[in-house]
Amino acid sequence: MMEEKKNIFSFIGEAFCTYSIAVIILTITAAVTGDEAGEISTLFRLGSQGIPLSALVQFLAVAFLTTGLRYLFSMDWMVKRVPPLLRVLFMCVLIVACIVLFTNLFGWFPADMWEPWAAFAACFLLCFAGGTVTMIVKTRLENRQMAEGLRRLKESMGKEEKDEV
Amino acid sequence: MKITIQTDETQTEIAVDIRCPGLTPELEKVISLLRTLDMKLTGQKERSTYILDVSQVLYIDSADKKTFLYTENEVYESDLRLYELEEQLARADFIRAGKSSIVNLRRIMSLRSEIDGRIRVTMSNGEKLVVSRQYAGILKQRLGVK
């Protein structure tokens, strides 16, 4: 019995999960600042009325691309060959490159304005820091649960041995 | 090879008699397999054969088509393949740690989950092993974490 391997369905599920979070954030942003942002961004060209269909398709493509990158960097052969820090670094660089490409291709925001880039960098760092902290907390919690599980298992094994005697 | 089975209700335990002109590698393998049923393992070291209690073995690994049994301070070679030992030792709380190793749960001192999904295991002699991501889930299940 092996651990359940990731398959195409888990990939699609995760991509749609990322997509739905992005669309929720985009919708809230459009509702709050859509009218002003619509003057400089194609994402908000409908103002506070909603998100253009083209932007939704572009975000879907980004969601699939970034999920694909995450899967690529968590593949067994990659984990075995590339140190964790280097993997995270490569993954971040490729995700940022992907966003930069989409920004320039579809005019998400003017490339010559520093404010949107700063906002993007802040969002990215915030999400990255949040993800890292969550992962560290999850690992610590798991370590505590495993130590407890090992203690319980050894107790039950000791009891079985006594019963056999 | 002639196989004779005698049933006797007065017998209190199973006895296996092997009559042969000499020991062959195949026969030694059969004996090793029989010993696992009795929770004993046969290990060779410096041309001598040792009978080990399963509980003495910390972990087992294979390299270059050879299987090695690791105790607190010694290493022995086994006649059996890793998959054969895995099948026999599952009831003795041995679990797969990777494609080429199985560990004795009873001899794990501590374990630590890594961010990349692997589990670093410290055995009772202080030796450190890694449970691959592929098998980490099984270990977690055994520990009641998953």
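One aromatic cluster is formed by A:Phe11, A:Phe16, A:Tyr19, A:Phe64 and A:Tyr71. The model is predicted, so local features need pLDDT of at least 70 and side-chain atom pairs count only at pLDDT 80 or more, while totals for chains, interfaces and linings use all residues. Residues are numbered from 1 along each chain as its sequence is written, chains are lettered from A and ligands numbered from 1 in the order in which they are written, and side-chain values use heavy atoms, without hydrogens and water.

Over all chains, the search of the whole structure gives 13 aromatic pairs. Rings of Phe, Tyr and Trp (its six-membered ring) pair if their centres lie within 6.5 Å; planes under 30 degrees apart are stacked, over 60 edge-to-face, and the rest tilted. A:Trp117 and A:Phe120 make an edge-to-face pair, at 6.2 Å centre to centre and 75 degrees between the planes. Both residues lie in helix H5 of chain A (residues 114-164), 3 residues apart, about one turn of the helix. Helices (H or I, at least four residues) are DSSP runs, numbered from the N terminus.

A:Trp117 is partly exposed at 22% relative accessible area. A:Phe120 is buried at 17%. Buried means under 20%, exposed over 50%, and partly exposed in between (1.4 Å probe, protein chains only).

A:Phe120 also pairs with A:Phe124: the ring centres are 6.2 Å apart and the planes at 40 degrees, so this pair is tilted. A:Phe120 and A:Phe124 are 4 residues apart in helix H5 of chain A.

Notes:
Helices (H or I, at least four residues) and strands (E, at least two) are DSSP runs, numbered from the N terminus.
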